[in-house]
Amino acid sequence: MSATPVHSSFEHLRSQKIASLDIEVSEYEHRATGAKHFHISSDYDENVFLVALRTMPEDSTGVAHILEHTALCGSERYPVRDPFFMMTRRSLNTFMNAFTSSDWTAYPFASQNEKDFYNLLDVYLDAVFFPRLDPLDFAQEGHRVEFEESGNVDSALVYKGVVYNEMKGAMSSTTSVLWQTLTKYLFPTTTYHHNSGGEPMQIPELTYEQLVEFHRTHYHPSNAIFMTFGNQPVTELQSRFDAKALARFERSDIELSVPDEQRYFAPITVEEAYPLDEDELEGKTHHVLGWLLPRSIDLEAELKAQLLSRVLLDNSSSPLRAALESTDLGAAPSPLCGIEDSNREMSFMCGIEGSDPQQAEAFETLVLDTLQQVVDEGVDQAMVAAQLHQLELQQREITGDHYPFGMSLILASLSNAIHRGDAIASLNIDAVLEQMRQDIQNPDYIPALIREWLLDNPHRVRLTLRPDSNMSERKEQAEAQRLAAIKESLDDAAKRELIAQAEALEARQSQQDDPDLLPQVTLADVTQNITFPDGELLSESPELHWYEAGTNGLVYQQIVIDLPDLTEREQFLLPIYTQCLSDLGSGGRSYKEHQALESAITGGVSAYMSARGRVDDAAHLKSLLVVSGKALAPNQAGLSALMVDMLETPRFDEFGRMRELISQSLSRKEQSVSGQGHMLAMQAASAGLAAGASLSNHSRGLTAIARMRDLKAQIAEDTGVESFAAELRAIHAKVMQMPRQALIVGEDEHKAVYQQALTNEITRLVKGTDLTGFTGQIYTSEQSQVWVANTQVSFCARVYPTVPVGHADAAPLTVLGELLRNGYLHRAVREKGGAYGGGASQDSGDAVFRFYSYRDPRTLETLEDFDRSISWLIDGGADAAQLEEAILGVVSSIDKPGSPAGEAKATYLNTLFGRTPEQRKEFRRAILQVKLEDLARVAQTYLADNSKARTAIVTHAKAAEALPAEFSRFKV
């Protein structure tokens with residue numbers, strides 16, 4: 001047996017094969033510093049790197065978060081102002097980011113190109129261990145005070161900073177406030193007591209010296225964990241780690257860790273407030289119960305906690321979720337329901353939203369009585385087995401559609417590595433699952449966990465978070481008074497120093513760094529060809545398509561039905577209709593029985609709508625209903641039957657359940673604004689220009705929220721809910737007359753069995769005469785809109801009509817978006833303007849070009865930056881190097897791999913919408929041929945005339961009032 005390869009600077013500690021994932025994981029330790037390295041060996045050519053540091057802040061100034069940003073602003077070997085964002089456009093990366101968690105900070109990337117992988121590795125290592133930490137970068141990324149009017153010492157002072165504005169936006173989310181408040185009391189003494197991202201009121205307390213000291217103590221290799229995935233030689237990786245960073249350090253005697261929390265001897269009850277800028281506060285309170293559980297590094301305890309959480313809360317047949325969904329004490333279960341297992345000690349939470357403060361005690365009684373009932377009466381063993389089946393399926397599935405597959409594995413094991421647990425064991429859970437299969441045969445298995453961890457656990461917090469309509473104003477007054485006090489304390493020299501700092505920062509932001517100081521890939525490194533999965537038509541009646549993929553024993557299926565022409569009201573109801581198909585009963589089963597069966601035999605089944613314009617005409621929409629599911633291979637026949645049941649016999653008579661679904665959906669929509677405000681703003685702005693965007697805005701966007709409130713009020717009455725159910729039945733009757741087809745994705749050995757089972761089921765669906773197909777329409781919308789929301793920041797969007805993907809100008813417009821984002825808007829909107837993000841993109845599906853900003857302290861000034869970026873480009877501001885970087889960025893996004901099943905499903909659906917593999921290859925070739933003169937031409941043609949543009953801003957009331965009269969005002 002050959003020895004495991006290892007570089008001389010590292011010691012090999014152990015290796016373990018994990019057959020269910022087809023990987024081998026090895027653990028190493030750097031001899032000089034003690035830095036850990038975990039390598040996941042795989043045949044995948046998408047290689048992944050991550051370096052993580054244990055970062056345990058002792059306050060809420062955001063020091064770990066601000067350091068994460070500032071470390072990426074130039075380093076010893078790469079003394080440019082912004083190497084991270086410069087590398088995003090000089091790279092073929094499939095993933096680049098940096099994360100600040102509650103007790104760690106990580107710097108990950110992924111690439112399929114070997115040269116690119118090692119380029120990024122060099123830059124990341126230098127950024128983490130040898131950053132410049134320039135005070136001006138701290139001022140830009142963290143916080144600073146400036147005069148509101150540049151150079152005018154008589155004007156008021158204001159706070160600025162990227163992280164400062166990011167966290168103002170983040171803490172506009174009620175869910176974020178709820179989580180931070182709960183953890184403050186669940187963890188009274190450890191690092192989790194604090195907001196690692198930073199509380200906006202406390203961020204200005206952080207000093208530059210504290211930031212530098214935090215880096216010195218926390219960013220040492222002895223406190224670092226390296227994790228890699230892929231097919232690169234481990235010796236080469238470790239050689240780079242050592243030569244580029246580790247060889248310059250000796251072992252530190254500082255060992256950072258999180259201690260166990262001091263446990264409560266009795267439960268505590270807390271009530272706090274959150275800002276809600278509305279007059280009507282009734283029904284806006286949140287109640288949550290939280291318990292502190294055992295350590296997360298105990299793999300058996302962690303899996304027990306996951307199983308317990310799933311049994312209690314996974315779906316509507318779960319006893320605790322059923323109680324939370326059906327109670328009149330609140331509108332819906334809280335978004336804080338489930339297990340949190342990334343901290344040193346786990347926590348379990350459940351709650352309700354849409355309640356009132358006086359219901360707190362009744363809520364707690366409901367939860368405790370429900371738990372006691374489960375203990376007394378036991379749990380259906382089939383439900384426990386079904387949830388264990390879900391854990392097995394979760395372990396087996398090859399992901400990669402959101403994060404790279406290797407990144408998902410790394411993140412799954414990172415918490416154990418951070419807390420010095422067994423990171424390899426956290427990936428190899430088969431043995432523990434097998435033991436649990438035996439253990440759950442004991443009917444007291446789940447009741448015993450409930451008694452020990454919940455009912456008899458005194459470390460319990462009941463939190464009531466009530467709305468306060470004056471809280472935002474008091475916070476603004478406190479900030480204004482704080483700034484006024486600072487200004488009052490400034491002498492003339494200090495005022496000149498503030499002006500000098502602002503001028504120095506602006507000069508630094510405007511400087512042109514030499515990009516050749518950084519490594520890069522070029523167009524010569526780009527693979528000329530791209531491949532797509534090949535499909536096969538198995539039968540024409542029923543129309544059944546097959547894609548072979550390595551799915552590790554899972555099967556994926558879709559039934560796809562063309563949508564008919566629908567009225568305006570029916571189009572608004574489409575997302576609600578698809579949700580009801582997913583979450584109501586079918587086949588004679590109640591919704592609870594349906595969900596219990598779904599958990600027992602599948603990995604989930606859902607229905608959704610997908611719509612896109614034709615490649616040559618964005619106004620001509622094709623719209624599809626997709627019922628999608630997955631299961632382990634032995635359960636494919638059951639999956640097929642369940643999917644067809646959902647379409648054949650949906651239970652539109654479950655009125656109580658329908659009310660619950662509308663209430664839950666409305667809550668999610670209302671909460672989405674703080675995190676997705678830029679998407680909602682772009683949707684609203686595009687709605688007057690594109691049929692697809694108009695449909696999205698009308699059914700899922702800002703205009704849908706008010707209509708959802710009206711619908712909720714309508715169905716509260718018996719006659720109203722009956723009328724609503726009749727509307728859903730009418731939509732469904734139309735849908736079931738339309739042409740349909742199906743898709744199977746799986747491993748070739750099962751093809752014949754899969755085909756027969758799905759054919760047997762799908763032929764049950766009786767089809768009527770074809771109706772007219774779906775035709776999109778553009779609903780009237782104002783040219784300039786402002787939407788007032790419960791947020792401390794703004795989201796700005798401006799949209800221009802352009803061309804669909806089949807037009808020759810679609811390729812240069814796509815490259816133009818990338819170039820404007822990186823070449824102009826990043827500096828203007830983020831660095832100078834202080835927004836957390838901003839950019840531009842061509843949406844060829846809707847035939848529009850979109851500008852946007854995210855968590856932005858400004859409004860009109862940002863719109864002016866959008867305009868200036870266009871003028872900059874038309875006037876020749878871009879050069880050939882920026883063009884090449886933009887093309888690389890677009891190609892990288894096109895070539896980004898997904899999971900094997902995900903790529904097959906995407907190819908199939910894209911083909912249905914006319915985006916065939918041939919069309920997508922041709923579009924990629926066109927991207928590679930774009931010239932600078934093409935960009936100037938399309939910018940002049942499509943973006944130079946502002947009278948054609950539509951604008952939408954999502955912001956708070958004060959900012960909305962300052963906008964000119966041309967903005968039509970709406971309330972979210």
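Modeller: Two strands are said to pair if DSSP finds at least two bridges between them. In this predicted model, strand E23 and strand E28 (residues 968-971) meet that criterion, because four bridges join them in the parallel sense.

Biologist: What makes you call strand E23 (residues 784-788) largely enclosed?

Modeller: A residue is buried when its relative accessible area is under 20%, and five of the five residues of E23 are buried, so the strand is largely enclosed by the rest of the structure. Both of its faces are covered, with Ser784, Val786 and Val788 buried on one side and Gln785 and Trp787 buried on the other.

Biologist: Why is His69 called buried, and which residues does it touch?

Modeller: The relative accessibility of His69 is 7%, and since buried means under 20%, this residue counts as buried. His69 lies in helix H1 (residues 63-71), and, leaving aside residues up to four places away in sequence, it touches Glu141, Val162, Val163, Glu166, Arg830 and Tyr836.

Biologist: How do you know that the length of helix H18 (residues 568-583) agrees with its number of residues?

Modeller: The expected span is 1.5 Å times one less than the number of residues, so the 16 residues of H18 should span 22 Å, and the end C-alpha atoms, at 24 Å apart, agree with that.

Biologist: What makes E17 and E20 the edge strands of the open sheet of six strands?

Modeller: The strand order is E17-E18-E22-E19-E21-E20, with mixed pairing, and strand E17 (535-540) and strand E20 (605-614) are the edge strands, each pairing on one side only. Neighbouring strands of this sheet are turned by 25° against each other on average, direction ignored.

Biologist: How do you know that helix H23 packs on this sheet?

Modeller: Helix H23 (residues 691-700) touches E20 and strand E21 (617-632), and its direction makes about 55° with that of E21. Such a contact means heavy atoms within 4.5 Å.

Methods: Residues are numbered from 1 along each chain as its sequence is written. This is a predicted model: local features need pLDDT of at least 70, side-chain atom pairs count only at pLDDT 80 or more; totals for chains, interfaces and linings use all residues. Side-chain values use heavy atoms; hydrogens and water are left out. Helices (H or I, at least four residues) and strands (E, at least two) are DSSP runs, numbered from the N terminus. Axes are lines fitted to C-alpha atoms, for helices over the stretch in contact, and angles run from 0 to 180 degrees between N-to-C directions. Buried means under 20% relative accessible area, exposed over 50%, partly exposed in between (1.4 Å probe, protein chains only).
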